Amino acid sequence: MKKKEKAVVVFSGGQDSTTCLFWALERFETVETVTFQYGQRHAAELDCARAICEELGIRQHELNMDLLNQLAPNALTRDDQEIETGEDGLPTTFVPGRNLVFFSFAAILARQIGARHIITGVSQTDFSGYPDCRDGFIKSLNVTLNLAMDDDFVLQTPLMWLDKSEVWELSDQLGAFDFVREKTLTCYNGVMGNGCGTCPSCELRNQGLEQYLGRRTAGALK
Ligand SMILES: [Zn+2]
């Protein structure tokens with residue numbers, strides 16, 4: 001039974017948020033997405049997010065967050081910055097406060113469109129040291145948003161305790177394994193599906209995929 005409530009999924013067109021989108025579609029009567037533009041390295045990322053929403057018939061909201069890049073130039077948006085571990089031990093893809101800003105805007109949008117549930121694909125398991133992917137932060141922000149807007153939003157994080165192989169497993173359970181595998185873009189070099197295979201994001205994605213496929217095969221042989 002689907003809840004007769006509305007949800008908004010913070011959506012990038014990558015593996016995690018697409019899995020969250022299918023998760024939401026299974027649970028909520030109405031699902032919309034919000035995609036943030038912040039000068040991504042590759043326009044392909046936005047194209048991919050748009051194409052997925054179009055194919056699934058989902059209303060997508062795009063918000064321009066270029067100002068974030070103005071404040072915090074980083075390797076996700078600048079071609080001249082390598083993706084690596086920085087001097088502070090965090091990957092150069094880290095944008096301080098990004099999820100704080102994104103999820104706050106997502107909540108303002110949710111309020112406007114009458115959505116109670118805000119769904120994001122953050123995960124503490126693979127959080128690569130990003131402090132604003134952690135469960136404590138999400139719970140704290142949930143309280144703050146509700147106090148700030150006198151509302152009762154529910155921040156949902158279906159991937160919080162899953163590793164990448166379990167995210168693949170979840171997409172399979174949702175009947176979306178092939179869709180996620182072929183139509184999402186996670187690669188830092190802008191290559192769809194299985195990606196370039198060498199960037200840190202591809203390594204994580206493909207490693208998880210191999211682990212899951214290994215488990216699935218072992219299960220099928222039993
Ligand atoms: Zn890649």
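Guide: Axes are lines fitted to C-alpha atoms, for helices over the stretch in contact, and angles run from 0 to 180 degrees between N-to-C directions. This is a predicted model, in which local features need pLDDT of at least 70 and side-chain atom pairs count only at pLDDT 80 or more, while totals for chains, interfaces and linings use all residues. Residues are numbered from 1 along each chain as its sequence is written.

Visitor: How many helices and strands does the protein have?
Guide: Helices (H or I, at least four residues) and strands (E, at least two) are DSSP runs, numbered from the N terminus. Read from the N terminus on, the elements follow the order β-α-β-α-β-α-α-β-α-β-α-α-α. The protein has 8 helices and 5 strands.

Visitor: Which residues in helix 5 does helix 4 meet?
Guide: Two residues are in contact if their C-beta atoms, placed from the backbone, lie within 7 Å. On the side of helix 4, the residues are Leu-100, Phe-103, Ser-104, Ala-107 and Arg-111. By class the contact of helix 4 with helix 5 has 6 nonpolar, 1 polar and 1 charged residues, where Ala, Val, Leu, Ile, Met, Phe, Trp, Tyr, Cys and Pro count as nonpolar, Asp, Glu, Lys and Arg as charged, and the others, Gly among them, as polar. In helix 5 the residues met are Leu-141, Leu-145 and Met-149.

Visitor: Is the crossing of helix 1 and helix 6 left-handed or right-handed?
Guide: Helix 1 and helix 6 (residues 164–173) pack at an angle of about 35°, with their axes 10 Å apart. Gln-15, Asp-16, Thr-19 and Phe-22 in helix 1 meet Val-167, Leu-170 and Ser-171 in helix 6, a contact that divides into 3 nonpolar, 3 polar and 1 charged residues. The crossing of helix 1 and helix 6 is left-handed.

Visitor: Is Cys-196 buried, partly exposed or exposed?
Guide: A residue is buried if 20 or more other C-beta atoms lie within 10 Å of its own, exposed if 12 or fewer, and partly exposed in between, with C-beta atoms placed from the backbone. Cys-196 sits in the loop between helix 7 (177–183) and helix 8 (200–221), and leaving aside neighbours within four places in sequence it is in contact with Cys-187, Asn-189, Val-191 and Cys-202. Because 13 other C-beta atoms lie within 10 Å, Cys-196 is partly exposed.

Visitor: Is Phe-11 buried or exposed?
Guide: The unreviewed UniProt entry also places a "binding site" at positions including Phe-11 and Thr-18. Phe-11 is found in the loop between strand 1 (3–10) and helix 1 (15–27), and, not counting residues up to four places away in sequence, Phe-11 touches Ser-17, Leu-21, Thr-33, Val-34, Thr-35 and Ala-49. With 30 other C-beta atoms within 10 Å, Phe-11 is buried.

Visitor: Where is Thr-18 found?
Guide: With 28 C-beta neighbours inside 10 Å, Thr-18 counts as buried. Leaving aside neighbours within four places in sequence, Thr-18 is in contact with Gly-13, Ile-52, Val-180 and Thr-184. Thr-18 is found in helix 1.

Visitor: What phi does Asp-150 have?
Guide: Most residues other than glycine have a negative phi. Asp-150 is found in the loop between helix 5 and strand 5 (154–156), and with 6 C-beta neighbours inside 10 Å Asp-150 counts as exposed. Although Asp-150 is not a glycine, its phi is positive, at about 50°.

Conventions. UniProt positions renumbered as here; feature names shortened; annotations may be inferred. Left-handed = near helix turned anticlockwise from the far one by under 90°.
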